[in-house]
Every structure is written in structure tokens, then in C-alpha cells.
Amino acid sequence: KKRINIAIDGPAGAGKSTVARQVADYLSFLYIDTGAMYRALTYKAIEREIDLENGPLLKELLNETIIDLKVGEEEQHVFLDNKDVTTDIRSYNVTNNVSFVARQSEVREEMVKRQKVLADKGGVVMDGRDIGTHVLPNSELKVFLIASVEERASRRYKELIDKGIEADYNTIKDEIALRDKRDTEREVAPLVKADDASEIDTTSMTISEVVDCILQLAKERS
Ligand code: C5P
């Protein structure tokens with residue numbers, strides 16, 4: 001029997017990747033972080049000093065770019081042209097520029113094509129912004145994760161402080177709100193809940209509560 005696909009969408013910092021990875025682990029499914037793919041391309045474009053709003057040029061760059069997502073012990077590893085860029089793509093510069101690259105239709109078209117191939121055989125948990133609406137519109141389970149911007153900012157703040165990285169709560173909050181605005185208001189495949197997605201507000205939930213909730217839904221849809 002073909003295994004189901006699970007689409008998880010939502011705004012920045014709603015806990016998508018943590019939750020998606022744990023759900024995938026539990027089900028022995030493959031976890032695919034589509035944000036990492038947009039981040040990898042953005043990283044490469046910045047290195048090459050390519051105009052981040054030039055869709056056709058970015059598409060050309062993407063055509064000669066290999067992005068691999070590999071399962072690691074603790075985290076997923078991201079390889080850009082066979083180089084491990086797992087940490088590089090989380091940089092401040094990439095984070096605050098990725099939305100410009102991600103709103104180019106030429107870029108999205110190719111990314112969506114690659115993502116569909118990855119989910120072709122089923123058994124995938126994929127997270128992003130347009131998975132339920134564009135990448136896997138026929139997936140058996142769609143989840144839309146939300147949380148207040150304050151909660152998302154304080155989670156991110158804590159994450160950074162725990163890693164020993166200096167951070168300012170208000171700056172983080174403003175940056176998250178700005179990235180949401182760009183992702184929600186863009187013309188191509190904006191961040192929006194699919195009509196048939198189950199919305200989960202994680203503001204006052206623990207990670208394991210969210211994971212359990214999704215596993216329950218997955219059981220019902222399998
Ligand atoms: O998920 P993450 O925060 O790493 O995503 C980084 C950025 O990539 C998002 O802010 C968004 O601009 C873009 N993205 C997207 N579509 C996806 C996943 C990510 O446009 N499916």
C-alpha cells in the first residue's frame with residue numbers, strides 16, 4: 001500500500017521543521033525541508049553577487065545547481081553542489097534575503113518540480129509555505145501551523161541564546177513579521193492555508209503535543 005504524504009505549511013518560526021522532523025522520524029518517512037532549498041539557492045546567488053530579484057538569471061543559476069537534503073543524526077544536512085552548507089544557509093544575510101529569491105516565479109516553478117519528484121513515491125513529510133496549495137495539492141494530510149508572532153519570536157530568541165549567540169528580541173520579532181509579510185503578500189504561491197488543511201495553533205502547545213496531534217491525524221488518513 002502506498003504511504004501517504006504529509007504537507008506542513010505555516011509562517012516563519014511556527015515550529016514546522018522541528019515538528020515535521022519528529023513526525024517523519026516516528027513514521028520512518030522522509031523529511032523534506034523546502035525552505036532549505038530556497039535558502040541554498042539564495043546563499044549561492046549572494047556568493048555570486050547575482051541580483052536577487054532577477055528571476056531568469058536565478059533560474060539559470062538553479063539549473064546548474066545541485067541541492068541535496070540528507071538525513072543526519074541530529075539535524076538534516078543540506079548540500080549545495082556537494083558542499084555542506086547546513087550552517088551557512090541559516091545566516092542572518094540569507095534569512096533576510098531568501099523571500100526575494102522565493103518570490104520569483106521562474107525559481108518557484110523549478111523548485112516545485114524538484115519537490116514533486118521527491119514526494120512521488122509517498123512516505124514524505126514536507127514543510128514549507130506552499131506545499132498544501134501547490135507542491136502536493138493531493139496529499140492525504142495537510143497541516144497549517146500557526147503561532148502568535150510574539151511566541152515565535154521568543155522561541156527563536158531562546159534558540160539563539162541557548163546556542164550562545166547574541167540576540168535582540170524586538171529585532172527578531174520585526175524580522176519575522178517582515179518575512180511573513182513578504183511571503184504572504186507575494187504574487188506567486190503566497191503563504192496561505194489550503195482549504196482542506198487542518199490548522200493547529202501551537203502558541204501554547206509543547207512540541208510533543210503538536211507532534212502527537214499530527215500523528216493522530218496521519219493515522220486517520222492512512
Ligand atoms: O522555512 P524557512 O523559514 O527556512 O523558509 C525560508 C524562506 O523560503 C521563506 O521565508 C520563504 O520565503 C521561502 N519558502 C517558500 N516556499 C517554501 C518554503 C520556503 O517560498 N515552500
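Two strands count as paired when DSSP finds at least two bridges between them, and strands themselves are DSSP runs of E with at least two residues, numbered from the N terminus, just as helices are runs of H or I with at least four. With that in hand, look at strand S8: the bridge partner there of Ile 146 is Asp 201. S7 (residues 141-146) and S8 run parallel, with four bridges joining them.

A word on what you're looking at: this is a predicted model, where local features need pLDDT of at least 70 and side-chain atom pairs count only at pLDDT 80 or more, while totals for chains, interfaces and linings use all residues. Residues are numbered from 1 along each chain as its sequence is written, and side-chain values use heavy atoms, with hydrogens and water left out.

Stay with S8 (residues 198-201) for a moment. Ser 198 and Ile 200 point to one face and are buried (under 20% relative accessible area, 1.4 Å probe, protein chains only).

Now for the ligand. Of the 16 residues around it, Arg 39, Arg 108, Asp 130, Asp 183 and Arg 186 come nearest (a residue is near if one of its heavy atoms lies within 4 Å). The shell divides into eight charged residues (Asp, Glu, Lys and Arg count as charged), four nonpolar (Ala, Val, Leu, Ile, Met, Phe, Trp, Tyr, Cys and Pro) and four polar (the others, Gly among them). An oxygen atom of the ligand sits 2.6 Å from a side-chain N or O atom of Arg 39.

Notes: Polar contact = N/O pair within 3.5 Å; in protein donor to acceptor, adjacent residues only side chain to side chain. Buried < 20%, exposed > 50% of the residue type's maximum accessible area, 1.4 Å probe, protein only.
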